[in-house]
Amino acid sequence: PIDPANVSGTVPTDHCGAGWFEETSSKVCQQCSSICEECVDAAAKCTKCSSYFPTTILHENTWTCLETCATNTYAKTPTICTNCHSDCLTCSGPDDDNCDSCSPGVYLHTS
């Protein structure tokens, strides 16, 4: 493995350390965006949000770090958002089909 601290951004490598990704076409290590602690394929395609932004949550379907879960997503864990089921307009988990409100044409069943 190559130590990212010694990578100038022009050295081809097979492996980049945490906080770095290998640019596909050039095979060169590039640093992740400051919002990402770890990333893949692009600087802002986060696989883990930076600890410098402790309130951010990773949206696992868009690879972005957000302050809160976006519309039509819910907190799957304290640090990961995921999409609600397609029948849900909004949901709160613990599963994607635990709807708080429904998509048009779908009705919420309460017991």
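In sequence order the chain follows the pattern β-β-β-β-β-β-β-β-β-β. This is a predicted model, in which local features need pLDDT of at least 70 and side-chain atom pairs count only at pLDDT 80 or more, while totals for chains, interfaces and linings use all residues. Residues are numbered from 1 along each chain as its sequence is written, and side-chain values use heavy atoms, with hydrogens and water left out.

Me: How many strands does the chain have?
Reply: Helices (H or I, at least four residues) and strands (E, at least two) are taken as DSSP runs, numbered from the N terminus. On that basis the chain has zero helices, and its strands number ten.

Me: What share of the residues of the chain counts as buried?
Reply: Buried means under 20% relative accessible area, exposed over 50%, and partly exposed in between, with a 1.4 Å probe and protein chains only. Over the 111 residues of the chain, the buried share is 29%.

Me: What part of the contacts with a separation of 6 or more comes from residues 24 or more positions apart?
Reply: A contact here is a pair of heavy atoms within 4.5 Å. Among contacts in the chain with a separation of 6 or more, residues 24 or more positions apart account for 2%.

Me: How many bridges join β3 to β4?
Reply: Two strands pair if DSSP finds at least two bridges between them. In the hairpin of β3 and β4, six residues lie between the strands, and Asp41 among the hairpin residues takes a positive phi near 70°. Cys39 has Cys46 of β4 as its bridge partner. The two strands run antiparallel, and the number of bridges joining them is three.

Me: Which cysteine forms a disulfide with Cys36?
Reply: A disulfide is counted where two cysteine sulfur atoms lie within 2.5 Å, and the structure holds seven of them. The one at Cys36 has its sulfur atoms 1.8 Å apart, and the partner is Cys46. This pair links distant parts of the chain, ten residues apart: Cys36 in strand β3 (residues 36-39) and, in strand β4, Cys46.

Me: What angle about the S-S bond does the link of Cys69 and Cys81 have?
Reply: Cys69 and Cys81 form a disulfide with sulfur atoms 2.0 Å apart. The pair links distant parts of the chain, twelve residues apart, with Cys69 in the loop between β6 (64-66) and β7 (73-77) and Cys81 in strand β8 (residues 80-83). The link is left-handed, and the angle about the S-S bond is -90°.

Me: What relative accessible area does Cys81 have?
Reply: Cys69, at 22% relative accessibility, counts as partly exposed. Cys81 touches Ile57, Leu58, His59, Glu60, Cys69, Thr73, Tyr74, Ala75 and Lys76, not counting residues up to four places away in sequence. Cys81 is buried, because its relative accessible area is 0%.

Me: How far is Cys81 from Leu66 in space?
Reply: Cys81 has its place in strand β8. Cys81 and Leu66 are 15 residues apart in sequence, and their C-alpha to C-alpha distance is 9.0 Å.

Me: Which cysteine sulfur is nearest to that of Cys102?
Reply: Elsewhere, Cys84 is joined to Cys91 by a disulfide (S to S 2.0 Å), a left-handed link with -95° about the S-S bond. By contrast, Cys102 is in no disulfide, and the nearest cysteine sulfur, 4.8 Å away, is that of Cys99.

Me: Over the ring of which residue does the charged end of Lys45 sit?
Reply: A charge sits over a ring if NZ of Lys or CZ of Arg is within 6 Å of the ring centre and within 35 degrees of the ring normal. The charged end of Lys45 is 4.9 Å from the centre of such a ring, that of Trp63.
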